[in-house]
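Please look over the sequence and the model shown here, and keep both at hand while reading the report that follows.

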Amino acid sequence: MNHSRRRHPPADTDTDTIAAQAEGYLRAQAHYDEARTEAEALCSRMPWMTTAQAEDFTRHYVDHRLVLVRVMLSATVARAGELRQEYEGRYLHLRRDLLRRHAAGVSVALASAAALHTAAWFWLR
């Protein structure tokens, strides 16, 4: 058996997509479980509620919490995009400034070298 001819699967973005979806699902499930646990804890402090009322309260609480989490995550994603644009703009500005400084330094060095060469040529003549 020739091991050098073994096929390796290509690095696929499908795998990354599936992993991201799985991570998203697990995070969503964790938020759901946390909200449900909180709702059940609240219901346990209200013993006068019937089972149907407690289930209804739990459902509404979980729905409300999940909406809040979505809003919060959307705001975080939007802010991350804004920050990315700001940082990229600043990076490009600094990069251009550095390029200008290097170009100016090289120009000064070349001008100095040309002046020294010219002066040496006249002096040694």
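## S44 and its helix

S44 is a residue of helix α1, where helices (H or I, at least four residues) and strands (E, at least two) are DSSP runs, numbered from the N terminus. With a relative accessible area of 58%, S44 counts as exposed, since the terms used here are buried for under 20% relative accessible area, exposed for over 50% and partly exposed for values in between (1.4 Å probe, protein chains only). Although S44 and A54 are ten residues apart in sequence, their C-alpha atoms are 8.7 Å apart in space.

Helix α1 covers residues 13-44, and its 32 residues should span 46 Å at 1.5 Å a residue, which agrees with the 46 Å between its end C-alpha atoms; the expected span is 1.5 Å times one less than the number of residues. In α1, the residues A35, A39 and C43 are buried, and the buried residues of this helix pack against α2.

## How the model is described

This is a predicted model, in which local features need pLDDT of at least 70 and side-chain atom pairs count only at pLDDT 80 or more, while totals for chains, interfaces and linings use all residues. Residues are numbered from 1 along each chain as its sequence is written, and side-chain values use heavy atoms, with hydrogens and water left out.

## The chain as a whole

The protein chain holds two helices and zero strands. Its C-alpha atoms fill a box of roughly 110 × 55 × 20 Å, taken along the principal axes. The radius of gyration of the chain is 33 Å, whereas a compact globule of 125 residues would have one near 14 Å; this radius is taken over C-alpha atoms, and the globule rule is 2.2 Å times the number of residues to the power 0.38.

Of the 125 residues in the protein chain, 8% count as buried. The accessible surface comes to about 11200 Å², and 62% of that surface belongs to carbon and sulfur atoms, with areas calculated by the Shrake-Rupley method with a 1.4 Å probe, where for residues only the protein chains shown count as cover.

## Two residues of helix α2

T58 has its place in helix α2, which covers residues 51-124, and it counts as buried because its relative accessibility is 6%. Leaving aside neighbours within four places in sequence, T58 is in contact (heavy atoms within 4.5 Å) with R36, A39 and C43.

A polar atom of the S107 side chain lies 2.9 Å from the backbone oxygen of A103. The C-alpha atoms of S107 and R95, which are twelve residues apart along the chain, are separated by 18 Å.

## Aromatic pairs

The structure holds two aromatic pairs, a term for rings of Phe, Tyr and Trp (its six-membered ring) whose centres lie within 6.5 Å, with planes under 30 degrees apart counting as stacked, over 60 as edge-to-face and the rest as tilted. F57 and Y61 form a stacked pair, 6.1 Å centre to centre with 25° between the planes. These two residues are separated by about one helical turn, because they are four residues apart in helix α2.

The rings of W121 and F122 have centres 5.1 Å apart and planes at 70°, so this pair is edge-to-face. W121 is partly exposed at a relative accessible area of 48%, whereas F122, at 53% relative accessibility, counts as exposed.

Notes: Polar contact = N/O pair within 3.5 Å; in protein donor to acceptor, adjacent residues only side chain to side chain.
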